[in-house]
Amino acid sequence: MKPIILTIIVYFISTFSMNAQETPKIKVTVGSNSFSVITYDNSTARAFIALLPLTITMNDVNVNEKYRPLQGNLPTSPEVPPKINAGDLMLWGANGLVLFYETFNTSYSYSKIGYMENAAGLKDALGPNNPTITFEVLGMPTGAGTLEQNNIDFKISGDGILHFSGTSEKISLIDMSGKILTITNSNTMNVSNFPKGIYILKAENNNQQKTIKIKI
């Protein structure tokens, strides 16, 4: 299999900060209808983004939401929202994914993932039953605190090996919660054992750091 070549703009930044990144948007597709969710900058949203792309069947609950338990638990920061708005994407408990299609007040606590700026047509698209919904990342965010830019070619081969040009003292692969998954000081990194999703690649060389978000 020929390698897949990804040309990525790498930004040199003086400090590495998850909060300095723009938050990704999530594309929500139901049948022929698509909606855009703006994500919050929190650990719940980052952990959910790392699971994407994801296609699931969600059950109708209380005639105002679609609900589906996820396979594993996500980090939480529950709070009682002032109001539930149609298009809100939240987590109930540690693994209950909820997509609301009605606006109402609530006394229940949820961990926020994101919200739709425009939820027009969402209720009709979801319908009264249990729809199949696809969640995927819409575009890739860029870094902040830019000092200068440089182009680097990355190649992911069919066996899941990440190849990169140039030299670096250390390359780290980091998940969206900030956990370092693997480190290498060579020009290759084996990413075949990691689930598909978005990760952060950090290169360190001569007291400089380069960080990018990549999709595996």
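Me: Is Thr184 buried or exposed?
Reply: Thr184 is buried because its relative accessible area is 13%, and buried means under 20% (exposed is over 50%, partly exposed in between, with a 1.4 Å probe and protein chains only). This is a predicted model, where local features need pLDDT of at least 70 and side-chain atom pairs 80 or more, while totals for chains, interfaces and linings use all residues. Numbering starts from 1 along each chain as its sequence is written, and side-chain values use heavy atoms, without hydrogens or water.

Me: OK, which strand does Thr184 lie in?
Reply: Thr184 belongs to strand S14, which covers residues 180-184. Strands here are DSSP E runs of at least two residues, helices are H or I runs of at least four, and both are numbered from the N terminus.

Me: And what does the side chain of Thr184 reach?
Reply: The backbone oxygen of Thr188, at 3.3 Å.

Me: Which residues is Thr184 in contact with, leaving aside neighbours within four places in sequence?
Reply: Lys170, Ile171 and Met189 are in contact with Thr184 once those neighbours are set aside. Contact is heavy atoms within 4.5 Å.

Me: Switching to the whole chain: how many helices and strands?
Reply: The chain has 2 helices and 17 strands.

Me: What share of the chain counts as buried?
Reply: Of its 216 residues, 43% are buried, and Thr184 is one of the buried residues.

Me: What part of the contacts with a separation of 6 or more comes from residues 24 or more positions apart?
Reply: Such pairs make up 65% of those contacts in the chain.

Definitions and conventions. Polar contact = N/O pair within 3.5 Å; in protein donor to acceptor, adjacent residues only side chain to side chain.
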